[in-house]
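Reader: I would like to go through this model term by term. For each label, please set the value against the cut-off and conclude.

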Amino acid sequence: MFESLKKKFSDFVNSVSRKEQEEEKKEEKIEKTETEIRSIEEAEKKIIEEQKYKAKTEVTSEAGHGGITEAKPKPEQDVWREAYAVQKTKKKASPSISFSSKVKGALLGEIKLSDSDIAPFVEQLKLDLLKSDVNYDVVEKIASNVEKNLTAAKFNAKSARDEISSSIRDSLKHMLEKGNKVDIIELGKSKKSKGELLKVLFIGPNGAGKTTTIAKVANLLIGNGISCILSASDTFRAAAIEQTSFHASKLGIEVIKGTYGSDPSSVAFDAIAHAKAAHIDCVLIDTAGRQETNKSLLEEVKKMDRVNKPDLKIFVGEGVAGNALLEQVKQFNEAVKLDGIILTKLDCDAKGGNTLSILSDTNVPVLFFGTGEKYTDIMPYDVDFIVNNIVA
């Protein structure tokens, strides 16, 4: 009986070994194919460059005209189409589980990953995070946590890869669900039911799309039955008051404004007073864009906070700002204690990964993502959206 079991085990090991060898041959074939593809791509680049050069220099003699006509570029669509087709055939190598782990899994029904099993998964995760604009130190911290979780866990032998993927995704979701959630719509409705005014102060660096974002938030609140007024308190940037007025006109709401160079706190104060007198539910206060290193402008924001006592202080930053975004959030949060963040320009190929950087070092929640220029191009913060963007 022992010999029979021994033979069965030997047959099984040989079977798994053959499969392992077949996989190694496939990997070698893929590597060879990728080398060939790179050679083809280089050749295609040369062909395209030659065609461009010929298109510029080649002239055509036309019989009967006795002259030379202007050269016309040759069509490159077919060449680009072929290059794209070749690119699509490239296969991305995925992390694999070692042979010994597979044998143990087949015998015991579950797998406990070795360091050599975990390493490629963690390295791939690091690469995905860095590509998604996550701060390097945060990447290392996340990778370390994921590595600990994978080392401690046991996985079903038949579905190990899926379970590993789920474990990594769950680790990211856990981090992304940090922070004190703020629902600006529910807060607006609650304030309205009590006859109270909702005051929201928007701050952030230059060029992040703050004024447009304020208009998007106003449109969102109006759509939920909350009336709004805009305070054009950016009295520093040229055309800022006109821009705020333009958005107010488009939305069909009022704007309170002063003159350039006037005290922004007093403009906001007047807007609040008018909103209360006119029984308007919410006042959205614009401010001059400023970098976190500009101490005098940060002091101005502190003054606006003291004078007008906003219910919410929202930071508006670019989703494509990369590592700089984390430092901006930290400095503004130290200055006025932020209640939320809106990340803009996610339509510019940003993946929202810098949310992980923010939530790793602060508890300031991300409230919305800006995804375009229309007033409706604003989406609520979505953990699954970020995770899906980072890991497949």
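Author: Start with burial. A residue counts as buried under 20% relative accessible area. Of the 392 residues of the protein chain, 42% count as buried. Note that this is a predicted model. The chain holds 14 helices and 12 strands.

Reader: What share of the contacts in the protein chain with a separation of 6 or more comes from residues 24 or more positions apart?

Author: That share is 74%.

Reader: Why is N354 called buried?

Author: The cut-off is under 20% relative accessible area. N354 has 1% relative accessibility, so N354 counts as buried.

Reader: Where does N354 sit, and what does N354 touch?

Author: N354 belongs to helix 13. Leaving aside residues up to four places away in sequence, N354 touches S132, D133, E318, G319, A321, G322, L325 and L343. The C-alpha atoms of N354 and N323 are separated by 7.4 Å. Along the chain, N354 and N323 are 31 residues apart.

Reader: What makes helix 13 mostly covered?

Author: Helix 13 spans residues 354-361, and seven of its eight residues are buried. The buried ones are N354, T355, L356, S357, I358, L359 and S360.

Reader: Which residues of helix 4 and helix 5 meet?

Author: From helix 4 come I118, V122, L125, K126, L129 and L130. They meet Y136, V139, E140, I142, A143, V146, E147, L150 and T151 in helix 5. By class, the residues of this contact are 11 nonpolar, one polar and three charged.

Reader: Why is helix 11 called oblique to helix 12?

Author: The axes of helix 11 (residues 295-308) and helix 12 (residues 324-336) come within 9 Å and cross at roughly 45°. Roughly parallel needs an angle under 35 degrees, and roughly perpendicular starts at 65. The angle falls between those limits, so helix 11 is oblique to helix 12. Helix 11 passes helix 12 in a right-handed crossing.

Reader: What makes up the contact of helix 11 with helix 12?

Author: K295, L298, V301, K302 and D305 in helix 11 meet Q331, F332, A335 and V336 in helix 12. These residues divide into five nonpolar, one polar and three charged.

Reader: How many aromatic pairs are there, and why is the pair of F315 and F332 called tilted?

Author: The structure holds three aromatic pairs. For F315 and F332, the distance is 5.4 Å centre to centre, with 50° between the planes. Ring centres within 6.5 Å make a pair. Planes under 30 degrees apart count as stacked and over 60 as edge-to-face, with the rest tilted. At 50°, the F315 and F332 pair is tilted.

Reader: What does this pair tie together?

Author: F315 lies in strand 9 (residues 312-318), whereas F332 lies in helix 12, so the pair ties together parts that are 17 residues apart in sequence. Both F315 and F332 are buried.

Reader: Which residues do ring pairs link into a cluster?

Author: The cluster consists of F369, Y381 and F385.

Definitions and conventions: Residues are numbered from 1 along each chain as its sequence is written. This is a predicted model: local features need pLDDT of at least 70, side-chain atom pairs count only at pLDDT 80 or more; totals for chains, interfaces and linings use all residues. Side-chain values use heavy atoms; hydrogens and water are left out. Axes are lines fitted to C-alpha atoms, for helices over the stretch in contact, and angles run from 0 to 180 degrees between N-to-C directions. Helices (H or I, at least four residues) and strands (E, at least two) are DSSP runs, numbered from the N terminus. Angles under 35 degrees count as roughly parallel, over 145 as roughly antiparallel, 65 to 115 as roughly perpendicular and the rest as oblique. A crossing is left-handed if the near helix is turned anticlockwise from the far one by less than a right angle, and right-handed if clockwise. Contact means heavy atoms within 4.5 Å. Ala, Val, Leu, Ile, Met, Phe, Trp, Tyr, Cys and Pro count as nonpolar, Asp, Glu, Lys and Arg as charged, and the others, Gly among them, as polar. Rings of Phe, Tyr and Trp (its six-membered ring) pair if their centres lie within 6.5 Å; planes under 30 degrees apart count as stacked, over 60 as edge-to-face and the rest as tilted. Buried means under 20% relative accessible area, exposed over 50%, partly exposed in between (1.4 Å probe, protein chains only).
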